[in-house]
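Subject: A structure to look through

Dear colleague,

Could you take a look at the structure below when you have a moment?

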Amino acid sequence: MGGISFQKFKYLLFIGFALTTFGAASSASAQMYKAGTDDGVPGEEMFQACGFCHGNQGQGRQRLDAPPIAGLQAWYVERQLNNFDNEIRGMHAEDLPGAQMIVINGILRNEATIKNVAAYIETLEPGGPPMMRGRGENAVPEPLERPFNWESEYAFLNPPAPGDPDDGAKIYNSMCTICHAANGIGNQTLGAPNLTVLAPWYMERQLEYFQDGIRGSDPQDVFGAQMLTFAKLLADDQAIADVVAYIDTL
Ligand code: HEC
Ligand code: HEC
């Protein structure tokens, strides 16, 4: 991990601390050296390590910038896990959220485990309840504020006005359906993922990442490269907010 910024370093310390403290990764990491066979860790068991950030049902945890992943297609999840593993995604200095996945990928290790956890994620029902804080009657949805500092223009996205789904529909239908399909569920042959299971805040950031080449500009990232072209066609932050507001209705 050459060229790591001080901010990233501090952040990774925080995550390392959180994971050790809450023991989220301990059962999975205990498995990783046992992998004498080619079977890999079972998907559900492996997912416990993911749930700390992505939510226990894959519903996402915005405060940790970790998107909902429940219901994402297994082939797409596999590709992303390999992209993080091969440092094709998540390496840019501005990409603190992506850096988390680079770190966590260390516990995945073998191809079979990646396949198992990807297959499990596809079976999870999208739209699970938000993660809660407190117990019983006192439980409340956890706050969205980050427990750490992330100083970046990508940290808080502020479009000039809330997204307009009608304007977004025009953009989507002229530029996005060809790969992500009219109903947003994607197209495996073209490698385009299902967008309907994603969170608006996450999609907005990814579109900005693609626009600025923070994601998709590695020469090995053939699928991400397709998005670079189309994200650049989105005129401004308002266009991004609009198209995402439309996708959210699908
Ligand atoms: C330390 C927190 C953390 C842990 C633990 C974690 N993730 Fe992530 N993951 C993230 C963040 C943050 C992102 C968003 C990266 C971005 O915004 O580009 C992400 C992104 C992803 C993506 C890309 C989603 C997409 O739509 O492209 C996948 C797939 C994923 N994680 C799977 C996993 C799996 C499987 C595990 C468990 C083995 C796991 N993650 C564990 C924080 C985490
Ligand atoms: C030429 C085909 C193509 C077109 C057109 C296209 N996309 Fe994509 N899109 C892809 C592919 C392929 C990926 C997966 C990239 C990867 O594997 O990293 C993707 C990924 C994405 C992601 C990230 C998903 C995630 O889970 O992280 C978003 C958001 C997205 N596209 C939105 C759009 C929007 C909005 C449009 C229209 C403005 C659009 N795409 C047009 C092919 C396309």
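How many nonpolar, polar and charged residues does the shell around ligand 1 have? By class, that shell has 21 nonpolar, five polar and three charged residues, where Ala, Val, Leu, Ile, Met, Phe, Trp, Tyr, Cys and Pro count as nonpolar, Asp, Glu, Lys and Arg as charged, and the others, Gly among them, as polar.

Before going further, please keep in mind that this is a predicted model, in which local features need pLDDT of at least 70 and side-chain atom pairs count only at pLDDT 80 or more, while totals for chains, interfaces and linings use all residues. Residues are numbered from 1 along each chain as its sequence is written, chains are lettered from A and ligands numbered from 1 in the order in which they are written, and side-chain values use heavy atoms, with hydrogens and water left out.

The protein chain as a whole

The secondary structure of the protein chain comes to 11 helices and two strands, taken as DSSP runs numbered from the N terminus (helices are H or I with at least four residues, strands are E with at least two). Of the 250 residues in the protein chain, 50% are buried, a word that stands for under 20% relative accessible area, with exposed being over 50% and partly exposed in between (1.4 Å probe, protein chains only).

Ligand 1

Ligand 1 is surrounded by 29 residues, of which C50, C53, H54, Y76 and M101 are the closest; a residue is counted here if one of its heavy atoms lies within 4 Å. The helices α3 (43-54), α4 (74-85), α5 (96-105) and α9 (200-211) each supply at least two residues of this shell, and at least three residues come from each of domain 1 (6-129) and domain 2 (159-247), with bounds taken from an automatic or database domain assignment.

The iron atom of ligand 1 is coordinated by H54 (NE2) and M101 (SD), at 2.0 to 2.1 Å. H54 lies in helix α3 and M101 in helix α5, so the pair ties together parts that are 47 residues apart in sequence. Both H54 and M101 are buried. Donors are N, O and S atoms within 2.8 Å of the metal (3.2 Å for Na, K and Ca), and water is not among the atoms, so sites may look incomplete.

A polar side-chain atom of R205 also lies 2.8 Å from an oxygen atom of ligand 1, and an N or O atom in the side chain of Q206 is 3.0 Å from an oxygen atom of ligand 1.

Ligand 2

Around ligand 2 there are 26 residues, the closest being R79, C176, C179, H180 and M227, and by class this shell has 18 nonpolar, six polar and two charged residues. Oxygen atoms of ligand 2 lie 2.6 Å from a polar side-chain atom of R79 and 3.0 Å from one of Y76.

H180 counts as buried because its relative accessibility is 9%.

Best wishes

Methods
A polar contact is a pair of N or O atoms within 3.5 Å; within protein, one must be able to donate a hydrogen and the other to accept it, and residues adjacent in sequence count only if both atoms are side-chain atoms.
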